[in-house]
Amino acid sequence: MGRPPAFQLYVKDWLTSKKRAAMALDQQAAYMNLLCHCWDTDDCSLPDDPAILAALSELREHWSTRSTPVQQAFESHPKKPGFLTNIRLYAEHQKYLRIQKERRRAGRESGASRLKQRTNDTEHVFNKRSAPVEQKPNSSIPIPSSRRKEREIHTGSSSLKQSPEEVQQRWNAIPGVKLCKALGTTIRARIQARLKQYPDAAWWETFFQRIQGSDFLCGRTNCGKPPFHASLDWALAPTNLDKIEAGNYDTLIDLKPASTQGCQERVQCGISLKLCGQPVITEVCGRPLCAEHKEYHERRATVPNTATA
């Protein structure tokens with residue numbers, strides 16, 4: 001068993017110790033040196049020899065005149081005649097050894113338990129592989145294709161797996177989106193991840209219909225800015241897919257006729273703002289606008305960006 005590398009110094013006990021307070025600074029240093037040498041032994045002991053104690057304490061030739069209060073802090077070792085120890089330090093030393101012994105015992109028991117579990121698992125796998133396989137009657141008779149289709153209908157065709165090529169083909173059939181011309185490694189891996197996450201064919205059909213119905217994703221509107229055409233890789237990215245499913249890109253349908261709303265552009269009226277209210281001739285980003293404000297937004301869209309880095 002290895003020697004404990006350190007002992008705890010209880011600061012409050014050290015500062016309030018009457019034995020320590022009765023010592024001068026050089027005697028306190030000698031006391032601490034002897035405590036350290038005592039701890040650094042297998043049984044927390046010091047030889048009861050004045051010459052050795054003088055050298056270990058580093059009082060040397062002053063040991064005979066300066067060591068009285070230091071010697072009073074040590075007593076005879078309870079298990080080793082002819083040796084000294086500090087009772088408090090000895091108790092801490094024994095406590096440390098008990099803890100180390102208990103930890104080693106617990107470690108051995110834990111290792112034996114894990115070894116036994118691995119042995120049982122290995123035997124279970126071996127027995128499972130060596131057990132005879134029970135064959136079902138008529139399992140070798142192929143099922144006709146007509147009956148196989150009927151079984152698929154009863155089990156639900158939505159559970160049939162799709163391939164990345166089928167997803168690519170269905171995406172390219174949506175007008176206005178950016179075509180997926182080839183399935184590279186990255187986009188194929190992303191499609192396969194989404195097919196694993198959503199194996200239901202009905203989910204994919206709803207996804208494609210939502211893309212096709214979005215004016216923004218299909219480039220039909222972008223609030224006066226250049227049109228945006230969604231790509232398959234962009235749509236299947238986790239963050240964008242969550243937004244699509246949440247309906248963030250769905251086209252807003254206003255059931256109220258635009259002609260009865262008036263222009264919705266806010267204009268300055270004194271110290272407040274109010275709606276323009278002029279007759280509507282078009283909509284920008286779903287907002288009815290009059291001819292004047294339609295031209296205003298068109299001019300803003302055509303002004304080049306002159307900002308520099």
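Mentor: The largest cavity has a volume of about 40 Å³. The model is predicted, and it holds one cavity of 30 Å³ or more. Start with the lining. Leu34, Leu53, Trp63, Val70, Gln71, Phe74 and Leu84 line the largest cavity. By class, six of the lining residues are nonpolar and one is polar. None is charged.

Now move to serine 57. This residue belongs to helix 4, which covers residues 50–57. Is serine 57 buried or exposed? Serine 57 counts as buried because its relative accessibility is 3%, under the 20% limit. A polar atom of its side chain lies 3.3 Å from the backbone oxygen of alanine 54. Beyond its neighbours within four places in sequence, serine 57 is in contact with Ala30, Asn33, Leu34 and Trp63.

Last, the cysteines. How many disulfides are there? The count is zero. For cysteine 36, the nearest cysteine sulfur belongs to cysteine 38, 9.9 Å away. Cysteine 36 counts as partly exposed, at 38% relative accessibility. Cysteine 276 is another case. Its sulfur is 4.0 Å from the closest cysteine sulfur, in cysteine 290. That is too far for a bond, because a disulfide needs the two sulfur atoms within 2.5 Å. Cysteine 276 counts as buried, with 17% relative accessibility.

Definitions and conventions: Residues numbered from 1 in each chain as written. Predicted model: local features only at pLDDT ≥ 70, side-chain atom pairs only at ≥ 80, totals over all residues. Heavy atoms only, no water. Buried < 20%, exposed > 50% of the residue type's maximum accessible area, 1.4 Å probe, protein only. 1 Å grid on protein atoms, 1.4 Å probe; cavity = no way out; pocket = protein on both sides within 12 Å on 5 of 7 lines; lining within 4 Å. Points joined across faces, edges and corners; volume = space filled by probe spheres on them. Nonpolar A, V, L, I, M, F, W, Y, C, P; charged D, E, K, R; others polar. Helix = DSSP H or I, 4+ residues; strand = E, 2+ residues; numbered from the N terminus. Polar contact = N/O pair within 3.5 Å; in protein donor to acceptor, adjacent residues only side chain to side chain. Contact = heavy atoms within 4.5 Å.
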